[in-house]
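Biologist: I am new to this structure. Please pick one part of it, look at that part closely, and then show me what surrounds it.

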Amino acid sequence: MLWVIVAILTIAFILYGIIVVPTANYGILVRMGKRVDGDPLPEGWHWIIPFFYRVEAFSYELKTTDLTVKVTAREGVGITINATIQWRPDEEHMKRYYEVEDKDIITGLQEAVKNEIGVISGVHNASEFIEKRGAIGDLINCLLRLKDMPHITFRWPKKYGSGVPLPITDKTKILDHYDNHRILISKKLKATGDGSHSPIEEKYGIDIQTFSLTGVQFSPEVAEDLEKERRAQAQASALTTKTDAKITNIQKLRIAGLTAQEANVAIDVMDNRAERQVTTFEGLGGGVRPIVITNPGGTTPPKGRSKP
């Protein structure tokens, strides 16, 4: 009879020690109310000593955090930058992760992004935040995901290193550095799964997957001024293109035998700038070439031959 009781207790002891770490979770052992240092338990079935141990589960699914950062551009314009960060707890640094609340991690990420953008915001105009969005995104991605910043202590390959004096202390040249080396920086960011961590990732025990710059916003007044500036630049560009085309066409007409004045008037006719009529006449040498007769009154031009 005793052996039956012992068998039942043994089976109960074994069954009571079986735990399951849910899918997409890490399991952290807790002994007598205190978390145990060591590698986390992967998802699946495990056995622990009952009564002395229990397991806390921490999800490692990607978390998406929206960030809003406000900075001031060189001309004193307020800028609102919207972004998202995708991150998850890092298996190698779970102890640090579970010691910090998620809200404190989010606050820390926002402060880090704001401080880094603040370094460059004071030396760039508001319009440059639109033009250099890609470089700003790369800058923050490197801050959050790389051990070394490309413009400070980045270990460049030898074929690039000789031409990249570091660190770059001129704040006006930082974004240009990221623009000029975008391909190499992109490759480095894609290789972040090599086990290295940024200082921010190590601080909070997280693995940051990506930072995405979703929008740059200005006050309605500033946005209107920037739109007017953009339209003015577009009009100036269109005028330059039209002028270049006119010069090219005049050169072609000169080659065909027209004088500079005749070629210019001919182009004006094609542009509908004046009411003119084009006719031809036979030159002294017997050849036929076009001439342009200005006809501002709309009358019929005289007929007959004229000397060229």
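Modeller: Two strands are said to pair if DSSP finds at least two bridges between them. With that rule in hand, the part I would pick is a sheet whose strands follow the order β6-β7-β8; it is open, it has 3 strands, and the pairing is antiparallel. β6 (63-72) and β8 (206-217) are the edge strands; each has a single partner, so one side of each has no neighbour in the sheet. From one strand to the next, the twist averages 25°. Please keep in mind throughout that this is a predicted model.

The pairing of β7 with β8 can be followed bridge by bridge. These two strands run antiparallel and are joined by 10 bridges. One point to find on the display is Ile 81, whose bridge partner in β8 is Val 216.

Is Asn 82 buried or exposed? Its relative accessibility is 17%, and the limit for buried is under 20%, so Asn 82 counts as buried. What does the side chain of Asn 82 reach? There is a polar contact, at 3.4 Å, between the side chain of Asn 82 and that of Thr 68. Leaving aside residues up to four places away in sequence, Asn 82 touches Leu 67, Thr 68, Ser 212, Leu 213, Thr 214, Gly 215 and Gln 217. To place those names, recall that β6 spans 63-72 and β8 spans 206-217.

Helix α3 lies across β6, β7 and β8, and its direction is at about 35° to β6. Helix α5, made of residues 133-145, lies across β7 and β8 and runs at about 155° to β8. Several residues of α3 are buried, among them Ile 105, Leu 109, Ala 112, Val 113 and Glu 116. Further along the helix, Ile 117, Ile 120 and Ser 121 are buried too.

β2, residues 25-31, pairs with β5 over 7 bridges in the antiparallel sense. Within that pairing, Gly 27 has Ala 57 of β5 as its bridge partner, and Tyr 26 stands opposite Phe 58 in β5. The hairpin of β2 and β3 has 2 residues between its strands, and in it Met 32 takes a positive phi near 50°. As for cover, 5 of the 7 residues of β2 are buried.

The structure holds 5 aromatic pairs. One of them joins Tyr 26 and Tyr 60: the rings are 4.6 Å apart centre to centre, with 35° between the planes, and the pair is tilted. Tyr 26 belongs to strand β2 and Tyr 60 to the loop between β5 and β6, so the pair ties together parts that lie 34 residues apart in sequence. The two partners fall in separate accessibility classes: Tyr 26, at 11% relative accessibility, counts as buried, while Tyr 60, at 22%, counts as partly exposed. Phe 58, which stands opposite Tyr 26, also belongs to a cluster in which ring pairs link it with Trp 87, Tyr 97 and Tyr 98.

Finally, the setting of the whole chain. There are 11 helices and 10 strands. The chain has 308 residues, of which 35% count as buried. Among the contacts in the chain with a separation of 6 or more, 65% come from residues 24 or more positions apart.

How values were computed. Residues numbered from 1 in each chain as written. Predicted model: local features only at pLDDT ≥ 70, side-chain atom pairs only at ≥ 80, totals over all residues. Heavy atoms only, no water. Buried < 20%, exposed > 50% of the residue type's maximum accessible area, 1.4 Å probe, protein only. Helix = DSSP H or I, 4+ residues; strand = E, 2+ residues; numbered from the N terminus. Polar contact = N/O pair within 3.5 Å; in protein donor to acceptor, adjacent residues only side chain to side chain. Contact = heavy atoms within 4.5 Å. Axes fitted to C-alpha atoms, helices over the stretch in contact; angles between N-to-C directions. Phe/Tyr/Trp six-rings, centres within 6.5 Å; stacked < 30°, edge-to-face > 60°.
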